[in-house]
Amino acid sequence: MSELVLELDGVTKTYGEPPTEVHALRGVDLTVAAGELVAVMGPSGSGKSTLLTIAGSLEEATSGAVRVLGESLSGMSRNRRAALRRRSIGYVFQDFNLLAGLSALENVTLPLELDGTRAKAARSIGMAALETLGIADRSERFPDELSGGERQRVAIARAVVGERALLLADEPTGALDSVNGEAVMKLIRAACKRGLAGVIVTHDAQLAAWADRVVFVRDGSIVDQTSARLGPESLLATESRS
Amino acid sequence: MSVRHALLALLAEQPRYGLQLRQEFEARTGEVWPLNVGQVYTTLQRLERDGLVESDDHEEGPQKTYRITADGSVELDVWLHTPDTGVAPPRDELVIKMLVALRMPDIDVAALLQSHRRQLVETMQWYTHMKADADHDLGLALLADSELFRLEAVVRWLDTVDSRVKQSATPLPLAARSVAQPTRRRQGARR
(Lines give C-alpha, C1' and ligand atoms only; values in the text may rest on other atoms or scores of the structure.)
Protein backbone atom coordinates (compact mmCIF):
# COMPACT_ATOMS: atom_id res chain seq x y z
CA MET A 1 0.00 0.00 0.00
CA SER A 2 1.24 3.48 -0.81
CA GLU A 3 2.27 5.88 1.87
CA LEU A 4 -0.50 7.81 3.57
CA VAL A 5 0.25 11.50 3.17
CA LEU A 6 -2.85 12.92 4.82
CA GLU A 7 -4.90 11.39 7.63
CA LEU A 8 -7.90 13.01 9.26
CA ASP A 9 -9.23 11.10 12.23
CA GLY A 10 -12.52 12.15 13.84
CA VAL A 11 -11.86 15.79 13.03
CA THR A 12 -14.40 18.31 14.29
CA LYS A 13 -14.41 22.07 13.95
CA THR A 14 -16.72 24.33 15.90
CA TYR A 15 -16.88 28.10 15.54
CA GLY A 16 -18.29 30.33 18.27
CA GLU A 17 -19.63 29.47 21.71
CA PRO A 18 -22.86 27.74 22.81
CA PRO A 19 -25.71 28.28 22.23
CA THR A 20 -24.87 29.97 18.93
CA GLU A 21 -21.93 27.75 17.93
CA VAL A 22 -21.59 26.48 14.38
CA HIS A 23 -20.43 22.92 13.76
CA ALA A 24 -18.48 23.17 10.50
CA LEU A 25 -17.11 19.63 10.75
CA ARG A 26 -18.66 16.82 12.78
CA GLY A 27 -16.16 13.97 12.96
CA VAL A 28 -14.47 13.61 9.58
CA ASP A 29 -12.31 10.59 8.75
CA LEU A 30 -10.32 10.81 5.54
CA THR A 31 -7.04 9.38 4.31
CA VAL A 32 -5.23 10.28 1.11
CA ALA A 33 -2.29 8.22 -0.16
CA ALA A 34 0.67 9.33 -2.25
CA GLY A 35 -0.29 9.34 -5.91
CA GLU A 36 -3.98 9.68 -5.20
CA LEU A 37 -6.27 12.58 -6.19
CA VAL A 38 -9.35 12.93 -4.01
CA ALA A 39 -12.18 15.38 -4.63
CA VAL A 40 -14.32 16.63 -1.76
CA MET A 41 -17.69 17.60 -3.14
CA GLY A 42 -20.53 19.35 -1.36
CA PRO A 43 -22.78 22.39 -1.43
CA SER A 44 -21.86 25.80 -0.02
CA GLY A 45 -21.64 25.70 3.75
CA SER A 46 -21.14 21.93 3.90
CA GLY A 47 -17.72 22.33 5.56
CA LYS A 48 -15.56 21.32 2.60
CA SER A 49 -13.34 24.42 2.62
CA THR A 50 -12.87 24.13 6.39
CA LEU A 51 -11.77 20.54 5.83
CA LEU A 52 -9.10 21.78 3.41
CA THR A 53 -7.75 24.56 5.62
CA ILE A 54 -7.50 22.15 8.57
CA ALA A 55 -5.75 19.54 6.39
CA GLY A 56 -3.28 22.24 5.36
CA SER A 57 -2.70 23.38 8.98
CA LEU A 58 -3.97 26.87 8.14
CA GLU A 59 -6.58 26.32 10.86
CA GLU A 60 -6.67 24.06 13.91
CA ALA A 61 -9.24 21.33 14.48
CA THR A 62 -11.43 21.61 17.58
CA SER A 63 -10.92 17.89 18.21
CA GLY A 64 -9.62 14.84 16.39
CA ALA A 65 -6.24 14.15 14.83
CA VAL A 66 -4.63 15.49 11.66
CA ARG A 67 -1.47 13.79 10.43
CA VAL A 68 0.63 14.90 7.47
CA LEU A 69 3.32 12.42 6.37
CA GLY A 70 2.61 10.50 9.56
CA GLU A 71 3.30 13.45 11.85
CA SER A 72 0.53 14.79 14.07
CA LEU A 73 -0.08 18.51 13.59
CA SER A 74 -1.31 19.03 17.14
CA GLY A 75 1.98 17.96 18.74
CA MET A 76 4.04 20.18 16.51
CA SER A 77 5.73 23.45 17.43
CA ARG A 78 4.68 26.57 15.60
CA ASN A 79 8.00 26.68 13.73
CA ARG A 80 7.83 23.03 12.76
CA ARG A 81 4.32 23.54 11.44
CA ALA A 82 5.38 26.57 9.40
CA ALA A 83 8.25 24.57 7.93
CA LEU A 84 5.91 21.72 7.05
CA ARG A 85 3.61 24.18 5.28
CA ARG A 86 6.50 25.63 3.26
CA ARG A 87 8.16 22.34 2.38
CA SER A 88 5.51 19.70 2.13
CA ILE A 89 2.17 21.34 1.41
CA GLY A 90 1.17 23.24 -1.71
CA TYR A 91 -1.99 25.32 -1.96
CA VAL A 92 -3.97 26.40 -5.01
CA PHE A 93 -6.81 28.83 -4.48
CA GLN A 94 -9.60 30.01 -6.72
CA ASP A 95 -8.13 33.52 -7.00
CA PHE A 96 -4.53 32.29 -7.58
CA ASN A 97 -3.02 34.44 -4.76
CA LEU A 98 0.12 35.35 -6.73
CA LEU A 99 2.23 38.22 -5.44
CA ALA A 100 1.82 41.08 -7.90
CA GLY A 101 5.32 42.54 -7.43
CA LEU A 102 7.11 39.29 -8.26
CA SER A 103 7.64 37.62 -11.64
CA ALA A 104 6.15 34.22 -12.39
CA LEU A 105 9.45 32.52 -11.55
CA GLU A 106 9.93 34.53 -8.33
CA ASN A 107 6.43 33.57 -7.20
CA VAL A 108 7.40 29.93 -7.61
CA THR A 109 10.83 30.17 -5.97
CA LEU A 110 9.83 32.35 -3.00
CA PRO A 111 8.75 29.48 -0.71
CA LEU A 112 11.96 27.58 -1.57
CA GLU A 113 14.16 30.57 -0.73
CA LEU A 114 12.22 31.23 2.48
CA ASP A 115 13.02 27.66 3.39
CA GLY A 116 16.76 28.17 2.88
CA THR A 117 17.33 26.95 -0.68
CA ARG A 118 20.02 29.05 -2.35
CA ALA A 119 18.79 31.45 -5.01
CA LYS A 120 20.52 29.72 -7.91
CA ALA A 121 19.27 26.25 -6.96
CA ALA A 122 15.75 27.61 -6.31
CA ARG A 123 15.83 29.21 -9.74
CA SER A 124 16.59 25.96 -11.54
CA ILE A 125 13.99 24.00 -9.52
CA GLY A 126 11.43 26.73 -10.24
CA MET A 127 12.21 26.75 -13.96
CA ALA A 128 11.79 22.98 -14.06
CA ALA A 129 8.33 23.33 -12.48
CA LEU A 130 7.32 26.04 -14.97
CA GLU A 131 8.57 23.84 -17.82
CA THR A 132 6.45 20.91 -16.63
CA LEU A 133 3.43 23.20 -16.76
CA GLY A 134 4.33 24.51 -20.21
CA ILE A 135 4.93 28.14 -19.23
CA ALA A 136 8.73 28.36 -19.00
CA ASP A 137 8.64 31.14 -21.62
CA ARG A 138 6.51 33.29 -19.26
CA SER A 139 8.93 33.05 -16.34
CA GLU A 140 9.95 36.73 -16.31
CA ARG A 141 6.42 38.09 -16.69
CA PHE A 142 4.48 39.65 -13.83
CA PRO A 143 1.04 38.28 -12.86
CA ASP A 144 -0.82 41.16 -14.55
CA GLU A 145 0.97 40.30 -17.81
CA LEU A 146 -0.37 36.73 -17.76
CA SER A 147 -3.74 35.33 -18.83
CA GLY A 148 -6.03 33.71 -16.24
CA GLY A 149 -4.99 30.23 -17.38
CA GLU A 150 -1.29 31.13 -17.20
CA ARG A 151 -1.67 32.64 -13.73
CA GLN A 152 -3.27 29.45 -12.47
CA ARG A 153 -0.42 27.40 -14.00
CA VAL A 154 2.06 29.54 -12.09
CA ALA A 155 0.03 28.94 -8.91
CA ILE A 156 0.16 25.19 -9.53
CA ALA A 157 3.90 25.33 -10.25
CA ARG A 158 4.34 27.10 -6.89
CA ALA A 159 2.20 24.44 -5.20
CA VAL A 160 4.07 21.41 -6.59
CA VAL A 161 7.63 22.78 -6.65
CA GLY A 162 10.41 21.10 -4.67
CA GLU A 163 9.69 18.33 -2.20
CA ARG A 164 5.96 18.89 -1.88
CA ALA A 165 3.99 15.83 -0.86
CA LEU A 166 0.48 17.24 -0.47
CA LEU A 167 -1.40 19.46 -2.91
CA LEU A 168 -4.55 21.17 -1.60
CA ALA A 169 -6.81 23.04 -4.01
CA ASP A 170 -10.01 24.98 -3.38
CA GLU A 171 -12.08 25.39 -6.57
CA PRO A 172 -8.81 25.52 -8.52
CA THR A 173 -10.31 26.27 -11.91
CA GLY A 174 -12.02 29.38 -10.54
CA ALA A 175 -13.44 31.51 -13.30
CA LEU A 176 -11.54 29.75 -16.11
CA ASP A 177 -13.50 28.53 -19.14
CA SER A 178 -13.97 24.79 -19.52
CA VAL A 179 -10.98 24.15 -21.81
CA ASN A 180 -8.56 26.12 -19.59
CA GLY A 181 -10.14 24.59 -16.51
CA GLU A 182 -9.55 21.16 -18.00
CA ALA A 183 -5.89 22.02 -18.66
CA VAL A 184 -5.50 22.96 -14.98
CA MET A 185 -7.10 19.72 -13.85
CA LYS A 186 -4.86 17.70 -16.19
CA LEU A 187 -1.81 19.30 -14.59
CA ILE A 188 -3.07 18.58 -11.08
CA ARG A 189 -3.83 14.99 -12.06
CA ALA A 190 -0.37 14.63 -13.63
CA ALA A 191 1.25 15.98 -10.44
CA CYS A 192 -0.58 13.33 -8.46
CA LYS A 193 0.44 10.61 -10.92
CA ARG A 194 4.05 11.65 -10.21
CA GLY A 195 3.45 10.86 -6.54
CA LEU A 196 1.81 13.80 -4.80
CA ALA A 197 -1.31 13.31 -2.74
CA GLY A 198 -3.98 15.74 -3.95
CA VAL A 199 -7.20 17.04 -2.42
CA ILE A 200 -9.50 19.37 -4.33
CA VAL A 201 -12.68 20.77 -2.89
CA THR A 202 -15.42 21.80 -5.26
CA HIS A 203 -19.17 21.96 -5.78
CA ASP A 204 -18.63 21.25 -9.48
CA ALA A 205 -19.24 17.66 -10.60
CA GLN A 206 -17.15 18.07 -13.77
CA LEU A 207 -14.18 19.13 -11.69
CA ALA A 208 -14.71 16.39 -9.10
CA ALA A 209 -14.85 13.79 -11.88
CA TRP A 210 -11.11 14.24 -12.47
CA ALA A 211 -10.40 12.63 -9.11
CA ASP A 212 -9.64 8.98 -8.44
CA ARG A 213 -12.14 9.11 -5.58
CA VAL A 214 -14.91 11.58 -4.81
CA VAL A 215 -16.11 11.99 -1.22
CA PHE A 216 -19.40 13.77 -0.59
CA VAL A 217 -19.73 16.18 2.32
CA ARG A 218 -23.03 17.25 3.80
CA ASP A 219 -23.57 19.33 6.94
CA GLY A 220 -20.01 18.77 8.15
CA SER A 221 -19.88 15.00 7.65
CA ILE A 222 -18.68 12.71 4.88
CA VAL A 223 -21.84 10.90 3.82
CA ASP A 224 -20.72 8.89 0.80
CA GLN A 225 -17.91 8.23 -1.65
CA THR A 226 -17.48 6.87 -5.15
CA SER A 227 -15.91 3.57 -6.03
CA ALA A 228 -14.38 2.64 -9.36
CA ARG A 229 -16.97 1.28 -11.72
CA LEU A 230 -17.22 -0.17 -15.18
CA GLY A 231 -17.97 2.11 -18.07
CA PRO A 232 -21.49 2.94 -19.14
CA GLU A 233 -21.47 0.53 -22.09
CA SER A 234 -21.23 -2.36 -19.66
CA LEU A 235 -24.67 -1.31 -18.48
CA LEU A 236 -26.16 -1.35 -21.96
CA ALA A 237 -26.05 -5.14 -22.04
CA THR A 238 -28.33 -5.34 -19.04
CA GLU A 239 -30.39 -2.32 -20.03
CA SER A 240 -34.07 -3.19 -19.99
CA ARG A 241 -36.91 -0.75 -20.01
CA SER A 242 -40.50 -1.70 -19.42
CA MET B 1 -40.97 6.66 -18.25
CA SER B 2 -42.39 3.62 -16.63
CA VAL B 3 -46.13 3.90 -16.01
CA ARG B 4 -46.07 0.55 -14.24
CA HIS B 5 -43.68 1.76 -11.56
CA ALA B 6 -45.62 4.95 -11.00
CA LEU B 7 -48.79 2.88 -10.49
CA LEU B 8 -46.91 0.57 -8.12
CA ALA B 9 -45.84 3.61 -6.10
CA LEU B 10 -49.41 4.85 -5.84
CA LEU B 11 -50.56 1.40 -4.72
CA ALA B 12 -47.74 1.30 -2.15
CA GLU B 13 -49.55 4.11 -0.32
CA GLN B 14 -52.96 2.46 -0.27
CA PRO B 15 -55.18 0.16 -2.34
CA ARG B 16 -56.91 2.03 -5.15
CA TYR B 17 -59.10 1.38 -8.17
CA GLY B 18 -58.23 2.24 -11.76
CA LEU B 19 -59.83 5.64 -12.14
CA GLN B 20 -58.33 6.87 -8.87
CA LEU B 21 -54.91 5.73 -10.08
CA ARG B 22 -55.26 7.74 -13.26
CA GLN B 23 -56.32 10.88 -11.40
CA GLU B 24 -53.51 10.58 -8.85
CA PHE B 25 -50.90 9.90 -11.52
CA GLU B 26 -51.86 12.98 -13.49
CA ALA B 27 -52.05 15.14 -10.38
CA ARG B 28 -48.58 14.12 -9.24
CA THR B 29 -46.89 14.59 -12.56
CA GLY B 30 -48.29 18.11 -12.73
CA GLU B 31 -50.73 16.94 -15.40
CA VAL B 32 -47.95 17.05 -17.99
CA TRP B 33 -48.42 13.33 -18.50
CA PRO B 34 -51.99 12.51 -19.50
CA LEU B 35 -52.90 8.82 -19.28
CA ASN B 36 -55.97 7.21 -20.72
CA VAL B 37 -58.00 4.77 -18.68
CA GLY B 38 -57.24 1.96 -21.13
CA GLN B 39 -53.50 2.38 -20.49
CA VAL B 40 -54.09 2.18 -16.76
CA TYR B 41 -56.14 -1.02 -16.97
CA THR B 42 -53.77 -2.73 -19.42
CA THR B 43 -50.87 -1.91 -17.13
CA LEU B 44 -52.76 -3.15 -14.06
CA GLN B 45 -53.54 -6.43 -15.83
CA ARG B 46 -49.87 -6.95 -16.66
CA LEU B 47 -48.84 -6.08 -13.10
CA GLU B 48 -51.35 -8.61 -11.79
CA ARG B 49 -50.15 -11.24 -14.26
CA ASP B 50 -46.58 -10.64 -13.02
CA GLY B 51 -47.66 -10.99 -9.39
CA LEU B 52 -46.76 -7.41 -8.48
CA VAL B 53 -50.31 -6.37 -7.58
CA GLU B 54 -53.44 -8.29 -6.60
CA SER B 55 -57.12 -7.43 -6.80
CA ASP B 56 -60.37 -8.50 -5.19
CA ASP B 57 -61.57 -11.28 -7.45
CA HIS B 58 -65.26 -10.91 -6.61
CA GLU B 59 -65.42 -7.33 -7.80
CA GLU B 60 -65.39 -6.47 -11.48
CA GLY B 61 -65.53 -3.27 -13.48
CA PRO B 62 -64.33 0.22 -12.56
CA GLN B 63 -64.62 -0.31 -8.76
CA LYS B 64 -62.20 -3.25 -8.73
CA THR B 65 -59.60 -2.49 -6.06
CA TYR B 66 -55.90 -3.21 -6.53
CA ARG B 67 -53.21 -3.54 -3.88
CA ILE B 68 -49.43 -4.01 -4.10
CA THR B 69 -47.87 -7.39 -3.28
CA ALA B 70 -44.57 -8.06 -1.49
CA ASP B 71 -42.95 -8.73 -4.88
CA GLY B 72 -44.40 -5.44 -6.11
CA SER B 73 -42.77 -3.56 -3.23
CA VAL B 74 -39.40 -5.13 -4.01
CA GLU B 75 -39.77 -4.24 -7.69
CA LEU B 76 -40.62 -0.63 -6.79
CA ASP B 77 -37.62 -0.31 -4.48
CA VAL B 78 -35.26 -1.70 -7.13
CA TRP B 79 -36.62 0.70 -9.74
CA LEU B 80 -36.25 3.72 -7.45
CA HIS B 81 -32.59 2.92 -6.87
CA THR B 82 -31.64 1.93 -10.39
CA PRO B 83 -29.26 4.45 -11.99
CA ASP B 84 -30.21 5.84 -15.38
CA THR B 85 -26.90 5.47 -17.15
CA GLY B 86 -28.22 4.15 -20.43
CA VAL B 87 -28.15 5.92 -23.77
CA ALA B 88 -31.43 7.81 -23.44
CA PRO B 89 -31.54 11.13 -21.54
CA PRO B 90 -32.35 9.96 -18.03
CA ARG B 91 -33.67 13.14 -16.54
CA ASP B 92 -37.36 12.69 -17.25
CA GLU B 93 -37.49 9.35 -15.53
CA LEU B 94 -35.40 10.66 -12.67
CA VAL B 95 -37.83 13.56 -12.26
CA ILE B 96 -40.70 11.13 -11.94
CA LYS B 97 -38.73 9.03 -9.46
CA MET B 98 -38.17 12.06 -7.25
CA LEU B 99 -41.82 13.14 -7.46
CA VAL B 100 -42.83 9.62 -6.50
CA ALA B 101 -40.27 9.37 -3.70
CA LEU B 102 -41.34 12.68 -2.14
CA ARG B 103 -44.79 11.19 -1.57
CA MET B 104 -43.61 7.95 -0.06
CA PRO B 105 -43.63 7.94 3.74
CA ASP B 106 -40.62 5.76 4.47
CA ILE B 107 -38.13 7.04 1.93
CA ASP B 108 -35.05 9.01 3.02
CA VAL B 109 -35.09 11.49 0.14
CA ALA B 110 -31.61 12.89 0.90
CA ALA B 111 -30.15 9.36 0.83
CA LEU B 112 -31.97 8.55 -2.40
CA LEU B 113 -30.70 11.78 -4.01
CA GLN B 114 -27.18 10.97 -2.87
CA SER B 115 -27.42 7.45 -4.27
CA HIS B 116 -28.24 8.88 -7.71
CA ARG B 117 -25.69 11.69 -7.34
CA ARG B 118 -22.92 9.22 -6.53
CA GLN B 119 -23.76 6.97 -9.47
CA LEU B 120 -23.86 9.96 -11.84
CA VAL B 121 -20.48 11.23 -10.58
CA GLU B 122 -19.01 7.73 -10.95
CA THR B 123 -20.10 7.72 -14.59
CA MET B 124 -18.63 11.23 -15.00
CA GLN B 125 -15.32 9.99 -13.55
CA TRP B 126 -15.31 7.20 -16.09
CA TYR B 127 -15.83 9.62 -19.01
CA THR B 128 -13.30 12.12 -17.63
CA HIS B 129 -10.60 9.52 -17.17
CA MET B 130 -11.29 8.10 -20.62
CA LYS B 131 -10.96 11.61 -22.07
CA ALA B 132 -7.74 12.26 -20.14
CA ASP B 133 -6.19 8.98 -21.27
CA ALA B 134 -7.17 9.47 -24.93
CA ASP B 135 -5.60 12.91 -25.23
CA HIS B 136 -5.04 12.77 -28.99
CA ASP B 137 -8.54 11.64 -29.93
CA LEU B 138 -10.63 14.75 -30.60
CA GLY B 139 -13.78 12.84 -31.49
CA LEU B 140 -13.68 10.88 -28.27
CA ALA B 141 -13.08 14.07 -26.27
CA LEU B 142 -16.10 15.76 -27.86
CA LEU B 143 -18.28 12.75 -27.17
CA ALA B 144 -17.10 12.61 -23.55
CA ASP B 145 -17.68 16.37 -23.17
CA SER B 146 -21.22 16.05 -24.40
CA GLU B 147 -22.00 13.25 -21.95
CA LEU B 148 -20.27 15.13 -19.13
CA PHE B 149 -22.31 18.29 -19.66
CA ARG B 150 -25.50 16.27 -19.80
CA LEU B 151 -24.67 14.34 -16.63
CA GLU B 152 -23.52 17.51 -14.87
CA ALA B 153 -26.89 19.09 -15.60
CA VAL B 154 -28.59 16.13 -13.93
CA VAL B 155 -26.30 16.40 -10.88
CA ARG B 156 -27.06 20.13 -10.62
CA TRP B 157 -30.76 19.38 -10.83
CA LEU B 158 -30.38 16.85 -7.98
CA ASP B 159 -28.50 19.50 -5.94
CA THR B 160 -31.40 21.88 -6.51
CA VAL B 161 -33.95 19.27 -5.47
CA ASP B 162 -31.85 18.72 -2.35
CA SER B 163 -31.91 22.43 -1.43
CA ARG B 164 -35.59 22.83 -2.19
CA VAL B 165 -36.58 19.81 -0.13
CA LYS B 166 -34.41 21.09 2.75
CA GLN B 167 -36.07 24.52 2.60
CA SER B 168 -39.57 23.20 2.23
CA ALA B 169 -41.50 22.43 5.44
CA THR B 170 -43.92 20.10 3.68
CA PRO B 171 -41.98 18.20 1.04
CA LEU B 172 -44.87 17.67 -1.36
CA PRO B 173 -44.92 18.68 -5.01
CA LEU B 174 -47.23 21.64 -5.48
CA ALA B 175 -49.52 19.91 -7.92
CA ALA B 176 -50.12 16.98 -5.59
CA ARG B 177 -50.73 19.27 -2.65
CA SER B 178 -53.40 21.36 -4.33
CA VAL B 179 -55.16 18.34 -5.79
CA ALA B 180 -54.90 16.01 -2.84
CA GLN B 181 -56.05 18.32 -0.06
CA PRO B 182 -58.29 21.06 -1.44
CA THR B 183 -61.14 20.54 1.02
CA ARG B 184 -59.01 20.44 4.13
CA ARG B 185 -57.22 23.59 3.12
CA ARG B 186 -60.39 25.53 2.54
CA GLN B 187 -61.75 24.47 5.92
CA GLY B 188 -58.50 25.53 7.54
CA ALA B 189 -58.75 28.95 5.94
CA ARG B 190 -62.21 29.51 7.37
CA ARG B 191 -61.24 28.65 10.91
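This is a predicted model: local features need pLDDT of at least 70, side-chain atom pairs count only at pLDDT 80 or more; totals for chains, interfaces and linings use all residues.
Student: How many helices and strands are in chain B?
Tutor: Chain B has 9 helices and 3 strands. Helices (H or I, at least four residues) and strands (E, at least two) are DSSP runs, numbered from the N terminus. Along the sequence the pattern is α-β-α-α-β-β-α-α-α-α-α-α.

Student: And what share of chain B counts as buried?
Tutor: Of its 191 residues, 27% count as buried. A residue is buried if 20 or more other C-beta atoms lie within 10 Å of its own, exposed if 12 or fewer, and partly exposed in between, with C-beta atoms placed from the backbone.

Student: Take H4(B). Which residues there are buried?
Tutor: They are B:Gly72, B:Glu75 and B:Leu76. Seen down the helix axis, these buried residues fall within an arc of 100 degrees, so they line one face of H4(B). The arc is that of the directions from the helix axis to the C-beta atoms.

Student: What is on the other side of H4(B)?
Tutor: B:Ala70, B:Val74 and B:Val78, which are exposed there.

Student: What do the buried ones pack against?
Tutor: The buried residues of H4(B) pack against helix H1 (3-13), strand E2 (53-55) and strand E3 (65-68) of chain B.

Student: Switching to chain A. How do E9 and E10 run?
Tutor: Strand E9 (residues 213-218) and strand E10 (residues 221-225) of chain A run antiparallel, joined by 4 bridges. Two strands pair if DSSP finds at least two bridges between them. A:Arg218 stands opposite A:Ser221. The hairpin has 2 residues between the strands, and A:Asp219 takes a positive phi near 50 degrees.

Student: Where does A:Pro143 lie?
Tutor: A:Pro143 is in the loop between helix H4 (119-132) and helix H5 (148-160) of chain A. A:Pro143 is partly exposed, with 19 other C-beta atoms within 10 Å.

Student: What does A:Pro143 touch?
Tutor: Not counting residues up to four places away in sequence, A:Pro143 touches A:Leu98, A:Ala100 and A:Arg151. Two residues are in contact if their C-beta atoms, placed from the backbone, lie within 7 Å.

How values were computed. Residues are numbered from 1 along each chain as its sequence is written. Chains are lettered from A and ligands numbered from 1 in the order in which they are written.
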